[in-house]
Amino acid sequence: MRAAVFETFQGPITIQTVADPTPREHGVVVKVTATGLCRSDWHGWMGHDPDIRLPHVPGHELAGVIEAVGKGVRKFKIGDRVTVPFVCGCGSCPQCSSGNHQVCDRQSQPGFTHWGSFAEYVALDYADTNLVLLPEEINDVTAATLGCRFITSFRAIVEQGKVAKGQFVAVHGCGGVGLSAIMIATALGAQVIAIDINKDTLAIAREMGAIALVNASNNADVISEVKAITKGGAHVSIDALGSQNTCYNSIANLRKRGKHIQVGLMTGDHQHPNTPMDLVVANELEILGSHGMQAHKYPEMLKMIRDGQLHPEKLIEKTISLEEATKALPRMGNFEHKGIMVITSF
């Protein structure tokens, strides 16, 4: 098969012909029809993920058709159109047994623990636990936007944040995760404040439903600005970027008993940020992480998409080829794009 491969971290990504994958006993091989480019792929290429072994094929947001099945697979068959969350659970560890496959003790992640979807085919483990059948109403390109950024935002807003109608929600960072969070919170009736450093990105945030915009590049006090807009602070605030500043601001702009949700990956010098713990104690704030979403939780989200409450397709900036992806992925650290790019030509 053709695949995009890098052999050194931060090195060239080239199109190579490599061996086709084969399914494990409880796994499948999926013919990839569409796969998204995500900043998490950039983190992997940079060398920020300890699971990656070189040479490596990135890619973890995907849609496709099952090409081969292991003999232990019971719920899926060749020809099924499927997607998958980026965290795949084993189905039997204590976390999976409690329904929390997104923090599985033996999790696998295509594009990280093994070769991913920047290829014609990808192998996925424990298919009965992790695969999601795609409804006819959702096309492959849209489905490929769901597996990381959108589901992570959905769980952050719905499950972790428990966002309710009328609440103020602050979203720090308006990339794919942030824009998804804005769309989802708006659909639930929340009042969303979008914070970013790029005026064009903030304009898209407005289109996704944000009622107020804060440009952090020309606003010296984001915390005070959010508190003024919300008349006391956000009920729920999300760091959708992952930096010292966005994490701190997201916690500090909360009203009493508010919730901070950390979604953006914290890497390098940002792994252990300063935390205003005095505010956490005095105001009884909650600090929560959000790491993907379980396959068995997809139906609620898919229903909202089918019913027209959510429109993830609006986040798609353009479709590209596998060759174009080899150039686009290394540039993702520059934040040049205002929406999601999806590979549709392999």
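**View 1. Lining of the second largest pocket in the predicted model.** Eight nonpolar, three polar and two charged residues make up the lining of the second largest pocket in this predicted model. The space in the second largest pocket is about 190 Å³. The lining has 13 residues, and those closest to the pocket centre are Phe76, Leu131, Val132, Ala295 and His296. Helix 3 (127-130), strand 7 (132-133) and helix 11 (298-306) are the elements that give two or more residues to the lining. Helix 11 provides the largest share, three residues.

**View 2. Helix 11 and its buried face.** Tyr298, Met301, Leu302, Met304 and Ile305 are the buried residues of helix 11. Seen down the helix axis, these buried residues fall within an arc of 155°, and so they line one face of helix 11. After helix 11 comes Gly308, which has a positive phi, near 80°.

**View 3. The largest nonpolar core.** This core holds 53 residues, of which Ile157, Val169, Ile182 and Met301 touch the most other members. The elements that give two or more residues to the core include the helices 5, 6, 7 (199-208) and 11. Strand 8 (168-172), strand 9 (191-196), strand 11 (234-239) and strand 15 (340-345) are also among them. Helix 5 gives the largest share, eight residues.

**View 4. Surroundings of Ile182.** Ile182 is one of the residues that touch the most other members of the largest nonpolar core. With neighbours within four places in sequence left aside, Ile182 is in contact with Val171, Cys174, Val192, Ala194, Ala205, Met208, Gly209 and Ala210.

**View 5. His337 in its loop.** His337 lies in the loop between helix 12 (322-328) and strand 15. The relative accessible area of His337 is 26%, and the residue is therefore partly exposed, since buried means under 20% and exposed over 50%. Apart from neighbours within four places in sequence, His337 is in contact with Glu317 and Lys318. Between His337 and Glu317 the C-alpha to C-alpha distance is 7.8 Å, and the two residues are 20 residues apart in sequence.

Conventions:
Residues numbered from 1 in each chain as written. Predicted model: local features only at pLDDT ≥ 70, side-chain atom pairs only at ≥ 80, totals over all residues. Heavy atoms only, no water. 1 Å grid on protein atoms, 1.4 Å probe; cavity = no way out; pocket = protein on both sides within 12 Å on 5 of 7 lines; lining within 4 Å. Points joined across faces, edges and corners; volume = space filled by probe spheres on them. Helix = DSSP H or I, 4+ residues; strand = E, 2+ residues; numbered from the N terminus. Nonpolar A, V, L, I, M, F, W, Y, C, P; charged D, E, K, R; others polar. Buried < 20%, exposed > 50% of the residue type's maximum accessible area, 1.4 Å probe, protein only. Arc of directions from axis to C-beta. Core = buried A, V, L, I, M, F, W, Y, C linked by side-chain atoms within 4.5 Å. Contact = heavy atoms within 4.5 Å.
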